[in-house]
Amino acid sequence: MQVITIVSITAAVFTVMGIGAAARSLNWLSREADAGILKLSIRVLMPCFIFEKVVGNPVFNKASNVYMPPVWGFLAVAVGCLIAYSYARGSGTRLGFNTSDKIHSFAICIGIFNYGFIPIPLISEIFGERALGVLFLHNVGVELGIWTIGVSLASGGLTKGWWKNVLNPPSITIVISLIINGMAWDKLVPEFISQITGILADAAIPVMMLLIGATFYDQIFHAKVEGDRSSPWPVYISAVMLRLLALPILFLLAALCLPISVELKQVVAIQAAMPAAVFPVVLTKHYGGDARTALRVVIATTVVGFVTIPLWISTGISWLGLENTVLEQTPKEATVGPKLEPVEAMRIAGISVRTSNRKEMAPETGQIPLLYQKYEADQIDQLIPSPVNTKQRIAVYADYESDQSGKFTILLGRQVPADAEIPDQLDKVRIHRGNYLHFTGEGEMPAVVPQTWEKIWNYFAESTSHTRTYEADFEIYDEASPNRVDIFIAVE
């Protein structure tokens with residue numbers, strides 16, 4: 001799956017960029033329009049996109065996913081620039097790095113990878129919204145690295161007011177979104193606002209990818225660089241060796257060894273494969289760097305990157321053990337494959353709530369999302385004694401009033417030994433030994449769960465092979481497969 005799917009997604013991203021380049025060559029997308037489109041994207045479209053993906057995203061319930069991604073993003077830029085600077089300075093005139101401008105420009109362009117509009121659609125399609133939310137925080141660190149380390153290399157020191165570039169609309173939106181999540185205000189966002197941000201968010205990535213394609217076309221065919229007529233091949237080869245070979249290995253090994261979250265590993269698997277960003281070309285020009293060196297780095301890594309990106313992403317997924325976290329591409333919807341399996345008796349401890357499917361259909365009366373929020377907020381995992389499997393969380397549906405149309409109790413927790421002493425503040429339920437139909441749903445969480453239940457209801461409505469007992473059904477969520485839910489239905 002990995003290579004074919006990733007090649008397909010990568011090809012789609014580059015094709016949209018190619019359409020932007022073609023639009024520029026045909027003058028359908030004029031240079032005069034660039035400034036307005038860029039401002040609209042940065043100040044309106046991207047903030048809406050970030051707001052939609054970050055607000056209410058459960059990935060930020062884990063504290064490490066708030067502070068680790070920006071630290072990683074900053075260090076990724078710093079390490080990349082340092083290695084490239086040392087390489088260029090050490091090579092000197094042998095490879096054409098005979099001036100400080102060339103050395104600094106090379107270091108900037110190698111260190112600053114494409115951190116936005118190429119990885120965003122790749123992460124969205126391959127890993128989903130949890131990883132996408134972490135990417136946005138990661139990019140705050142990248143921005144900080146650009147406007148501190150990058151500007152220092154280009155201009156010989158920090159410029160006055162550099163911090164204003166970090167406090168841009170996307171970064172401010174991320175901070176506001178995290179505050180909304182931290183205060184549990186995400187449920188208070190009016191539906192009207194969500195609809196507006198959703199419409200504008202859908203336009204963010206396509207518009208920016210078209211603009212990047214047009215900009216790249218200009219850099220290749222209309223860039224004005226003067227003076228040095230040296231061979232480009234030493235820079236081409238050096239750029240590919242560092243940006244597309246040495247740094248991916250380094251970043252993936254770091255992600256493998258360091259204790260970071262699954263979502264940050266997913267981001268690293270994509271970012272490690274990225275070519276040099278186009279923006280450093282503009283940065284070096286603005287601060288008097290060597291535009292020709294910058295352009296050569298960007299051209300070489302982007303062209304070769306079309307081949308290496310899917311290979312490195314596949315390698316990263318394999319090295320970091322992320323195979324089970326990749327979203328299913330075909331079909332897009334949840335899949336259900338019922339299989340009759342014997343289940344041994346289990347005892348589950350956790351917290352519970354009484355509700356019904358009718359209540360859960362309406363956001364304002366649904367109790368299950370609140371149960372999951374309470375579970376995280378009250379750190380229930382720490383109260384559960386001697387869990388049998390610390391990587392699995394179980395939701396049990398029991399005490400049915402009648403059938404799926406009546407009330408039931410849902411308990412969220414973990415399996416505990418039969419003789420475990422359960423604290424008074426926790427509830428408990430027993431899953432009896434018997435035969436259960438095992439259904440599997442894979443896709444974007446949490447939407448895949450109700451999708452899978454709907455297919456379960458349809459299955460029993462159409463099939464007479466098995467009859468539900470409505471004694472106790474349960475869901476298993478395994479950390480090793482964050483985009484998968486296993487649902488077991490008790491049958492006669």
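Ile-199 is exposed, with 62% of relative accessible area, where exposed means over 50%, buried under 20% and partly exposed in between (1.4 Å probe, protein chains only). This residue belongs to helix α9; helices (H or I, at least four residues) and strands (E, at least two) are DSSP runs, numbered from the N terminus. The model is predicted, so local features need pLDDT of at least 70 and side-chain atom pairs count only at pLDDT 80 or more, while totals for chains, interfaces and linings use all residues. Residues are numbered from 1 along each chain as its sequence is written, and side-chain values use heavy atoms, with hydrogens and water left out.

Helix α9 (191-221) also takes part in the lining of the second largest pocket, as do α2 (34-54), α6, α7 (163-166), α8 (169-182) and α12 (279-286), each with at least two residues. On a 1 Å grid over the protein atoms alone, a pocket is an open set of points where a 1.4 Å probe fits, with protein on both sides within 12 Å along at least five of seven lines, and lining residues have an atom within 4 Å of a point. The space in the second largest pocket is about 1400 Å³, a volume being the space filled by probe spheres set on the points, which are joined across faces, edges and corners. Its lining counts 40 residues, of which Leu-38, Ile-42, Phe-117, Met-208 and Phe-279 are the closest to the centre. Helix α2 supplies the largest share, eight residues.

Neighbours within four places in sequence aside, Ile-313 is in contact (heavy atoms within 4.5 Å) with Ile-6, Leu-122, Ile-126, Ala-269, Ile-270 and Ala-273.

His-138 is found in α6 (residues 129-155) and is buried, at a relative accessible area of 1%. Not counting residues up to four places away in sequence, His-138 touches Pro-69, Pro-70, Trp-72, Gly-73, Phe-113, Val-267 and Gln-271.

Aromatic rings form a further theme. The structure holds 17 aromatic pairs, in which ring centres of Phe, Tyr and Trp (its six-membered ring) lie within 6.5 Å; planes under 30 degrees apart count as stacked, over 60 as edge-to-face and the rest as tilted. Tyr-397 and Phe-408 form a tilted pair, 5.6 Å centre to centre with 55 degrees between the planes. Because Tyr-397 lies in strand β3 (residues 392-398) and Phe-408 in strand β4 (residues 407-416), the pair ties together parts that are eleven residues apart in sequence. Tyr-397 is buried at 8% relative accessible area, and Phe-408 is buried at 1%. Trp-453 and Trp-457 form another tilted pair, at 6.2 Å and 40 degrees. Both tryptophans are buried and lie in helix α16 (residues 448-462), four residues apart, about one turn of the helix. Tyr-397, Tyr-400, Phe-408, Trp-453, Trp-457 and Tyr-470 form one aromatic cluster.
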